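Please read the points below beside the model.

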Amino acid sequence: MARPRRIVLVRHGESEGNVDDSVYERVPDHALRLTETGRRQAAEAGKRLRETFADERVSVYVSPYRRTHQTLELLGLDPARTRVREEPRLREQDWGNWQDREDVRKQKAYRDAYGHFFYRFAQGESGADVYDRVDAFLESLWRSFEDPAHPPNVLLVTHGLTMRLFCMRWLHWTVAEFESLSNPGNGETRALLLGSDGRYHLDRPFERWCAPEPYGLTSWSARR
């Protein structure tokens, strides 16, 4: 099995919806564009990633949203060394279709009280739903490693919550651990690096906004 040396996840640059939530009332979430700040963030991320990948080949999976496709384009990766596939399972959490701003704000408050993993938006998804499709994507990704010619690098161009849930599934975090972590910033990356022990390790942690509160013996400390 040709496991890649690194699996890099990058969050899209700042989008119109990140700076003005009223835009969701007139533009579908999947159609939102990057702001000028978001374009700069993507270009800066691209400079770092090109240095990381150097002249190695990269297998890229990109969410089908406009802002992730724009981010990928601005990364400036060498097309001769890059294989790109659109992957719908890496899309943003669905919040429903056309969104009423006040209703979404109310639902976000409910979600904060109820829990980001389990709360399901009306006509949308819960974090658990996104986890399930990320899990299905991981099965496909592992099968791709059976190809002896698989590139040594994988890049996922996706969304903040999806990044956290991908790492949760890969590293077997508990729900309590997931709930204690914040999304990465726009244009930020996290990388799973293959160590000498044959296991993948996160290059740097997600910022933690609270201490995990597990229900039982599956706490972070108990499993170490």
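1. Trp 142 is partly exposed, at 31% relative accessibility, on a scale where buried means under 20% relative accessible area, exposed over 50% and partly exposed in between (1.4 Å probe, protein chains only). Phe 145, by contrast, is buried at 0% relative accessibility.

2. This is a predicted model, in which local features need pLDDT of at least 70 and side-chain atom pairs count only at pLDDT 80 or more, whereas totals for chains, interfaces and linings use all residues. Residues are numbered from 1 along each chain as its sequence is written, and side-chain values use heavy atoms, with hydrogens and water left out.

3. Over the whole structure, a search finds 14 aromatic pairs, where rings of Phe, Tyr and Trp (its six-membered ring) pair if their centres lie within 6.5 Å, and where planes under 30 degrees apart count as stacked, over 60 as edge-to-face and the rest as tilted. One of these is the edge-to-face pair of Phe 117 and Phe 178, with 5.8 Å from centre to centre and 70 degrees between the planes. Phe 117 lies in the loop between α4 (101-114) and α5 (127-144) and Phe 178 in helix α7 (residues 175-179), so this pair ties together parts that are 61 residues apart in sequence; helices (H or I, at least four residues) and strands (E, at least two) are DSSP runs, numbered from the N terminus. Both Phe 117 and Phe 178 are buried. Trp 142 and Phe 145 also form an edge-to-face pair, at 5.2 Å between centres and 65 degrees between planes.

4. Which residues do ring pairs link into a cluster? The cluster consists of Tyr 61, Phe 137, Trp 142, Phe 145, Phe 166, Trp 170 and Tyr 200. Elsewhere, the charged end of Arg 190 sits over the ring of Phe 206, 4.9 Å from its centre; the criterion is that NZ of Lys or CZ of Arg is within 6 Å of the ring centre and within 35 degrees of the ring normal.

5. Five of the five residues of β2 are buried, so this strand is largely enclosed by the rest of the structure. Val 58, Val 60 and Val 62 point one way from β2, while Ser 59 and Tyr 61 point the other way. The strand pairs with β3 (residues 82-86) in the parallel sense over five bridges, given that two strands pair if DSSP finds at least two bridges between them. In this pairing Val 60 stands opposite Val 84 of β3.

6. For β4 (residues 153-158), six of the six residues are buried, so that strand too is largely enclosed by the rest of the structure. Asn 153, Leu 155 and Val 157 point one way from β4, with Val 154, Leu 156 and Thr 158 directed the other way. Five bridges join β4 to β2 in a parallel arrangement, with Val 62 opposite Val 157, and six bridges join β4 to β1, also in the parallel sense, with Val 8 opposite Leu 155.

7. Ser 59, a residue of β2, is buried at 0% relative accessibility. Its side chain makes a polar contact of 2.7 Å with the side chain of Arg 83, the term denoting a pair of N or O atoms within 3.5 Å, of which, within protein, one must be able to donate a hydrogen and the other to accept it, and residues adjacent in sequence count only if both atoms are side-chain atoms. Leaving aside residues up to four places away in sequence, Ser 59 touches Arg 83, His 150, Pro 151, Asn 153, Val 154 and Leu 155, contact meaning heavy atoms within 4.5 Å.

8. The search for salt bridges finds 16 in the whole structure, each being a side-chain nitrogen of Lys or Arg within 4 Å of a carboxyl oxygen of Asp or Glu. Arg 5 and Glu 56 form one of them, with their closest N and O atoms 2.3 Å apart. Arg 5 lies in the segment before β1 (6-11) and Glu 56 in the loop between α2 (36-53) and β2 (58-62), so the pair ties together parts that are 51 residues apart in sequence. Arg 5 is partly exposed at 44%, as is Glu 56 at 22%.

9. Arg 133 and Glu 125 are joined by a salt bridge with the closest N and O atoms 2.7 Å apart, and both residues are buried. In the salt bridge of Asp 112 with Arg 111, at 3.8 Å from N to O, Asp 112 is exposed at 52% relative accessibility, whereas Arg 111 is buried at 12%. A network of salt bridges links Asp 21, Arg 101, Glu 102 and Arg 105.
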